[in-house]
Amino acid sequence: MMDSQENVLDPQENVLDPQENVEESEKKVYNNKQEILARVKELAHGDEKPEKAEVDHLKTLFYKMHSAEREAKIKEYLDNGGDPAQFQLLPDEYEEEFKAEMQLVREKRAKIFLEEQDEKQKNLEHRLEIIEKVKNMATSPEEANKSYNDFKALQQEWKEIGSVPPEHSSETWRNYQLYVEQFYDLLNLNREAREYDFKKNLEAKTKLCDEAEALAKEEDIISAFHQLQDLHQQFREIGPVAKELREEIWTRFKNASTIINKNHQQHFEELRAKEEENLNQKTALCEKVENINKEEKKGAGDWEKFTKQIIEIQSDWKKIGFAPQKMNVKIFERFRAANDEFFSKKADFFKDLKDKFAENAEKKKALVEKAKALANSTEWRSTSDKLIALQKEWKTIGMVPKKLGDQLWNEFMEACNHFFEARSAARSGNNEEHTNLDKKKEIIGKLNELAANAVDNAQEAVQKLTEEFNKIGHVPYKEKDSIYEAYHEALDKIYKELHISTARKRLDNFKSNLKNMAKKGEDAIDNERGRLMRRYEQLKGEITTYENNLGFLNVSSKKGNSLIDEMNRKVQKLKDEAQLVREKIKAIDAENKD
């Protein structure tokens, strides 16, 4: 009797890995959604059987491209200065057609599945009939000899039967092999024919062993595995060999198969490990986007900053390969949902911002109209108060788009300036203003003289002249800007010329006093250094505050320019004092080192 192991294969050896079909389908490259749709139509309307792995792969690719196109359109729209609130995503001309064709594919797969189940059941019944017939032939040597030709016909008929339900496959095969072996063992009268069959079967199985061993050198592991499945099917369909050779030929074929199966298993273990790594990387990117969604966005700048981060994350996502099949769609849907949430909130923010801009614009337009209505008034005092109040109110209104904001500001200031110039012209004959002008010019002359001739008490003299200048009343309107500029130009010059020498003198005096301070003990110097450090940090804070405030000033008005100049002088003065404090700290550190 033939060894029970011959041709009875381990079920795991010829069961295709689900990932294998994914690998095969991934070999084809699709460049766009049209190509994917064309392939889905082929599966829906052609004679080809749609495989689940390929169908899932096509669906994933389609929506990956679909999402990438949508994100690219949003980015292009925003990069070109588009209003997020006005963006409309047009329907995809291919998506609805893709959905309809995929539904046909699913219906086709369901129909094929039912047909295959029916066919497998019929095949099972057919094979059971053959097993029963062979069993009845293998009852005695006489019966076996008499039924030899019928037996050969049944063997051929068995080979032509298709697959059966998986749960019955192994059992039917073992029973068939059992009765075939019994038949050959009982075959006596036609011994020559039996020996001839054994010889031909041995030649055929030896050839299959040669082919299986050659597959170990095949570079394409997937192709080698598929070829091995075909060899197994052939091996199973070939009849038995001589009893003494059965174990040997089976062991040789099984050993060759083991090498191919191990290579195949290792290949998919590496593939699964890579897919798990890809899943971890994609999960990390999902978490990054989800964390960005949790971040507080205080203004348009924050939204643009995070948008750049999101786009970089999307770019990283595209570089990562597939995740495991059961998670590939889920992780993509999670990533897409996080991105959709971000861009949806961003669109809401800019819509609210646009509404706020519109509200601010209406408020400023109302102030422009009020200013224009007062521009020709001759009630100098009351109208001045009203326009000044309007200017203060203007500053309380929030931002509007720059182009419109500049336009409204120019109209507003044009109306204000029209009134104040008219008022100045009406007062141009005022002798008091001319007297004030002469007094201010005299003070400016004294300041310039101090700048040219440094004296010990220069700082006190400058302070006194500054106080006198500020007490003097108005000058003629047309002269106010020029006298203001001359005054501050003189102050700039005197501070520039005198501050350096004064600062140097103060630093030298400080260094001299360090010796006396050191005599009081180490704590005295340390306390002084601590005081200076606190002063230094305080100055830095003040400098930062002034510089921030400078950014909010509108420089389109003359008053704005004057205020900016004044603030710039204060900033420079604070920076000089900070530098002096820093030099003092360095002097203390040098003293401690000595």
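The second largest cavity in this predicted model holds about 50 Å³ of space. A cavity here is a set of points on a 1 Å grid over the protein atoms alone where a 1.4 Å probe fits but cannot get out, and lining residues have an atom within 4 Å of a point. Grid points are joined across faces, edges and corners, and a volume is the space filled by probe spheres set on the points.

Thr60, Lys64, Lys282, Trp317, Phe322, Asn328 and Phe332 line the second largest cavity. By class, this lining divides into three nonpolar, two polar and two charged residues. Ala, Val, Leu, Ile, Met, Phe, Trp, Tyr, Cys and Pro count as nonpolar, Asp, Glu, Lys and Arg as charged, and the others, Gly among them, as polar. Helices α3 (52–79) and α12 (325–374) each supply at least two residues of the lining.

Twelve residues line the largest cavity, and the closest to its centre are Tyr176, Gln177, Arg236, Glu237 and Ile238. The elements that give two or more residues to this lining are α6 (148–159), α7 (166–186) and α9 (221–237).

The chain as a whole has 19 helices and zero strands. Helices (H or I, at least four residues) and strands (E, at least two) are DSSP runs, numbered from the N terminus. Of the 594 residues in the chain, 37% are buried, where buried means under 20% relative accessible area with a 1.4 Å probe, protein chains only. The chain exposes about 35600 Å², with 49% of it supplied by carbon and sulfur atoms; accessible areas come from the Shrake-Rupley method with a 1.4 Å probe. Among contacts with a separation of 6 or more, 80% join residues 24 or more positions apart; contact means heavy atoms within 4.5 Å.

Thr466 lies in helix α16 (residues 458–471). Thr466 is buried, with a relative accessible area of 15%. Not counting residues up to four places away in sequence, Thr466 touches Tyr487 and Leu491.

Residues are numbered from 1 along each chain as its sequence is written, and side-chain values use heavy atoms, with hydrogens and water left out. In this predicted model, local features need pLDDT of at least 70 and side-chain atom pairs count only at pLDDT 80 or more, whereas totals for chains, interfaces and linings use all residues.

How values were computed: 1 Å grid on protein atoms, 1.4 Å probe; cavity = no way out; pocket = protein on both sides within 12 Å on 5 of 7 lines; lining within 4 Å. Buried < 20%, exposed > 50% of the residue type's maximum accessible area, 1.4 Å probe, protein only.
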